[in-house]
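Thanks for asking me to look this over with you. Here are my notes as numbered points, to read with the structure open beside them.

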Amino acid sequence: MDRGYDYVIVGGGTAGCVLASRLSADPAARVLLLEAGGGDRNPVFRIPLMTGTLLRNRYANWFYETEPVPGMEGRRLFWPRGKVIGGSSSINGMVYVRGLPMDFDSWAQAGLPAWSWERVKPLFLRSEAYEGGGGDDHGGDGPLRTSRPPPFSPLSDVFVAAGREAGYPATPDFNAVPEGFGRYDFNISGGQRWSTARAFLDPVRGRPNLEIVTRAHATRIDFAGDRAVAVEASVRGRVRRFVVDGEVLICGGTVNSPQLLMLSGVGGADALRRLGIPVVADLPGVGRNLQDHVLVRVEHACTQPVTLHGLTRIDRAGLAFLQALLFRSGPMTRFPLESGAYLRSDPALDAPDIQSHFLPGLSTATLRLPGLRAPPRRHDGHAFFANASQMRPESRGEIALASADPFAAPAIRPNCLSAQKDRLVLRRAIEILRDVFAQSSFDPWRGRELAPGPEVRTTAEIDAWIRRNADTVYHPVGTCRMGRGEDAVVDEALRVRGLRGVRVVDASIMPSITSTNTHATVIMIAEQAAAFLRGEATARAG
């Protein structure tokens, strides 16, 4: 009988690429990486400003949509998730920020000591190769290149100046001091996107012990008793069964990981039986604890031609694309969410609870091309906005199976804005951003307010506007929660409770969402999982 794989990694996204690289470094380990999407060789994946196009293109995107959200007037939200080698790291906004130390210390205080800030910070540094060099706050020789590109527009620095003028501090580095106004780091190098596929997978594709299979849609995990023994997948329409001698590492993300567990008989027993799925393990927490950052935007017309609007013409955009592709220069080699802020909705708080990104335009989706899902235009001209989100939302939702069909999209019920505190913080965020845009630093640039608009002023008007217009930041986490207790899905070492030979390694394991963009944290989670599997003393868990 042929030897099975030591590791079958289900999902070649942000975490899966890291695991494939780290685990295949052992030449004795036979590693298989399965990815439902295709490859990332198209040059569009390398050009930073093509993010807006990638988020609206079905080639690299699961293109999910939520169920109607009661707290948002029954609207369905668009939920893009990466479906390509590199996953969401191949289509996201490339912002590289780690969050607040308190995020990870809160995990440790909940009985997960291996995940304290002191323990995970070295894992962040292990991955990073910062353009400015390594040190206390950045890694210098990891696979993932990060940098702080020059500003796309003078408005990025104007936003920081206005924040200081409004009485807030400035910070030189959000990864060192995550409070006040400043500029973001990105996983961009040499004018190109640096996804986890580019950073971790590409250098090791030739290893003889690593097999990569794309267009492989995992449909279930087979168990013998409580042990995972194989993964079934549809590979280009053909059903294949991959035998596992070691462990299955589920890296499908916050939507697909709980879906695969439930399709495999791991989840709430009653819900599985209703769909005719045999129960392997009764874990009611699978799919629950869904969290996401929800944002609002304050938008203004701009009185000078210094925004993304200049790229809406297809001839200009085409020229900029060729410049980026051939020479790695020009406006498309940067991502314009360059400046932002971490702020406190109440000065009495111990830490910031609002995150903001400023953009010199109304969308990075500048071009309107056939076949792409484009955001509606509210203003046809130069403009800018700042968004703001509640960094530690209290609202909780769920992912559930819509059917036993592995090719059917699951039911996504985010339940956004169900918690009163989330609505209060967003209202306060609008007040803060309006005050920042009113500062004299913006006088030469500021046109009329486009949103919420001058007619939206009272508390009731702002709350109603938030319900109609708030949106997701695309940071879903939490549906295979790590922790203790009956609702926990994985333990401190990311092993699925009550089962052998299967772990979950992605954003779904977060007990609570981090106070910032989640991409860097997912890379850290994969580094931690690899350390667990290699038995490194610095990352041992019970």
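Predicted model: local features only at pLDDT ≥ 70, side-chain atom pairs only at ≥ 80, totals over all residues.

1. With 36% relative accessibility, Arg534 counts as partly exposed. Leaving aside residues up to four places away in sequence, Arg534 touches Arg22 and Arg126. The C-alpha atoms of Arg534 and Leu23 are 7.9 Å from each other, although the two residues are 511 apart along the chain.

2. S18 covers residues 354-359, and six of its six residues are buried, so the strand is largely enclosed by the rest of the structure. Both faces of S18 are covered. Ile354, Ser356 and Phe358 are buried on one side, and Gln355, His357 and Leu359 are buried on the other.

3. What pairs with S18? Strand S17 (residues 339-343) is joined to S18 by five bridges, and the two run antiparallel. Within that pairing, Gly340 has His357 as its bridge partner. Strand S19 (residues 383-390) also pairs with S18 in the antiparallel sense, over six bridges. There, Ile354 stands opposite Gln390.

4. Now the aromatic rings, of which the structure holds 23 pairs. One of them is Phe358 with Phe442: the ring centres are 6.3 Å apart and the planes meet at 50°, so this pair is tilted. Phe358 sits in S18, whereas Phe442 is in the loop between helix H10 (420-437) and strand S22 (446-451), so the pair ties together parts that are 84 residues apart in sequence. Phe358 counts as buried at 0% relative accessibility, and Phe442 is buried with a relative accessible area of 0%. Ring pairs also link Phe358 and Phe442 into a cluster with Phe159, Tyr168, Phe181, Phe384 and Phe437.

5. Which residues lie over the face of a ring? Arg30 lies over Tyr5, 4.1 Å from the ring centre. Lys83 is placed over the face of Trp62, at 4.4 Å from the ring centre.

6. Helix H7 (residues 253-263) is worth a look too. Of its 11 residues, 11 are buried, so H7 is largely enclosed by the rest of the structure. The buried residues of H7 include Asn256, Ser257 and Gln259, along with Val255, Leu260 and Met262. Just after H7, Gly265 takes a positive phi of about 90°.

7. If you are wondering about cysteines, how many disulfides does the structure hold? The number is zero. For Cys251, the closest cysteine sulfur is that of Cys17, and at 9.4 Å it is too far for a bond. Cys251 is buried, with a relative accessible area of 7%. Cys302 is buried as well, with a relative accessible area of 10%.

8. Two hairpins follow one another here. Strands S11 (residues 216-224) and S12 (residues 227-235) pair in the antiparallel sense over eight bridges, with Ile221 opposite Val231 in S12. Two residues lie between S11 and S12 in this hairpin, and Gly225 in the turn has a positive phi of about 70°. S12 is then joined to strand S13 (residues 238-250) by six bridges, and these two run antiparallel. Val235 stands opposite Arg238 in S13. The hairpin of S12 and S13 also has two residues between its strands, and Arg236 in the turn has a positive phi of about 50°.

9. Finally, some backbone details to check by eye. Most residues other than glycine have a negative phi, and most peptide bonds are trans. Phe63 is not a glycine, yet has a positive phi of about 55°. Phe63 lies in the loop between helix H2 (51-54) and strand S3 (64-65), and is buried with a relative accessible area of 14%. Leu494, also not a glycine, has a positive phi of about 70°. Leu494 is in the loop between strand S23 (471-472) and strand S24 (502-504), and is buried with a relative accessible area of 0%.

10. One peptide bond also belongs on your list. Ala451 and Pro452 are joined by a cis peptide bond, with omega about 0°. Pro452 has its place in the loop between S22 and helix H11 (459-469).

How values were computed:
Residues numbered from 1 in each chain as written. Heavy atoms only, no water. Phe/Tyr/Trp six-rings, centres within 6.5 Å; stacked < 30°, edge-to-face > 60°. Helix = DSSP H or I, 4+ residues; strand = E, 2+ residues; numbered from the N terminus. Buried < 20%, exposed > 50% of the residue type's maximum accessible area, 1.4 Å probe, protein only. Lys NZ or Arg CZ within 6 Å of the ring centre and 35° of its normal. Disulfide = S-S within 2.5 Å. Pairing = 2+ DSSP bridges. Contact = heavy atoms within 4.5 Å.
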